[in-house]
Amino acid sequence: MRTRTFGTAGLTVSALGLGAMGMSGSYGPADRTESIATVRAALDAGLTLIDTADFYAAGHNELLLGEALRGRERGSYQLSVKFGMLTAPGGTFIGIDGRPKSMKNFLVHSLTRLGTDYVDVYRLARLDPLVPIEETVGAMKEMVDAGYVRHIGLSEVDADTVRRAHSVHPISDLQIEYSLLTRRAETDVLPTLRELGIGMTAHGVLSRGLLSGRWEAGTSISPGDWRAFDPMFVGGNVEHNLALVAALGHFAEAKGCTVAQLAIAWVAAQDVSIVPLVGARTRDRLTESLSAIDLQLTANDLARIDEVVPHGSSRGGISASETLSQLGLA
């Protein structure tokens, strides 16, 4: 497994990361046994970076990972953990909490569920509009000094917030949605990360299945699958986006790879400090994703892909407009 280093933070991780959210029902039912087997297969293949959050199914995801990682040498993998999203029974989103005392409370519960003494990268899931980012990061720095956190990351914030946070404590990486169909980060965020020497963990690299090469218009969405509320999957938008994917499929076929592999490789090719996160829930999907790391795209390949799927050509964005405004990306 190839590795990449997040900017100047000195954190070296596998060139591909595993996003575990889908293993806890966010995209419909998941098989617990297969999920655990997939995590272990990823580690056996040399993948080291695993991403989760304390609010994924109210702690279910952390408990699942704790079981999957049991018995593994702690230094052989890195845990990226998000905190701060508040949910009510039933999974309803009810707010964001970035207060220092809340962060410490979230952290101790994550450590317990994951069965570990420290988190490799700890990150606020979304900016709390009521708490200056300097206060949250300052408290996180205390956890770094105490040994409970190794690196501080960010998630889904704008360039100005990145600068403010980085002035308090070095930021290892920003986790943000980035794919062929979602390229908003290229405007201000990615240039800022490059300037400051901060890495990126790119989630949504397959646009929640649209770029998998297996999604079809009219596909039934299971209860509990939050794609039912995603504008990219709304009638009209999904057909338009799938037409782009179909065009990309012709190019992938010529390269001798799948659409998913091409989409992952494209993200990885955008910068040496970008690590794509893949949400594989099965060993078959994991194997496909791992092969993308060895796919080399030439400058001509990248130019051709931009012609097939131009910047801004998709419809639906990353989420509802009010969420984009909250993230400072609208």
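Predicted model: local features only at pLDDT ≥ 70, side-chain atom pairs only at ≥ 80, totals over all residues.
The protein chain contains 11 helices and 12 strands, and its C-alpha trace spans about 50 × 40 × 40 Å along the principal axes. A compact globule of 330 residues would have a radius of gyration near 20 Å, and the value for this chain, 19 Å, agrees with that. Of the 330 residues, 56% count as buried, while the accessible surface comes to about 13600 Å², with 52% of it belonging to carbon and sulfur atoms. If we take the contacts in the chain that have a separation of 6 or more, residues 24 or more positions apart account for 75% of them.

An α-helix has 3.6 residues a turn, so residues three or four places apart point the same way. With that in mind, the reader can follow the buried residues of α7, which are Val238, Asn241, Leu242, Leu244, Val245, Leu248, Gly249, Phe251 and Ala252. What covers these buried residues includes helix α8 and helix α10 (299-308). Just after α7, Gly256 takes a positive phi of about 75 degrees.

We can now turn to the aromatic rings. A pair of such rings is described by the distance of the centres and the angle of the planes. With ring centres within 6.5 Å taken as a pair, the count comes to 4 aromatic pairs. In one of them, Phe55 and Tyr56 have their ring centres 5.3 Å apart and their planes at 85 degrees, so this pair is edge-to-face; both residues are buried. Tyr178 and Trp266 form a tilted pair, with 5.5 Å from centre to centre and 50 degrees between the planes. This pair links distant parts of the chain, since Tyr178 lies in the loop between β10 (171-177) and α6 (189-196), whereas Trp266 belongs to helix α8 (residues 259-268), 88 residues apart. Tyr178 and Trp266 are both buried. Elsewhere, Phe83, Phe106 and Tyr122 form one aromatic cluster.

Finally, the ring of Tyr118 has charged neighbours. Arg74 lies over the face of Tyr118, at 4.0 Å from the ring centre, and the charged end of Arg150 also sits over the ring of Tyr118, 3.6 Å from its centre.

Methods. Residues numbered from 1 in each chain as written. Heavy atoms only, no water. Phe/Tyr/Trp six-rings, centres within 6.5 Å; stacked < 30°, edge-to-face > 60°. Buried < 20%, exposed > 50% of the residue type's maximum accessible area, 1.4 Å probe, protein only. Helix = DSSP H or I, 4+ residues; strand = E, 2+ residues; numbered from the N terminus. Lys NZ or Arg CZ within 6 Å of the ring centre and 35° of its normal. Contact = heavy atoms within 4.5 Å. Rg over C-alpha atoms; globule rule 2.2 N^0.38 Å. Areas by Shrake-Rupley, 256 points an atom, 1.4 Å probe, with all protein chains shown as cover.
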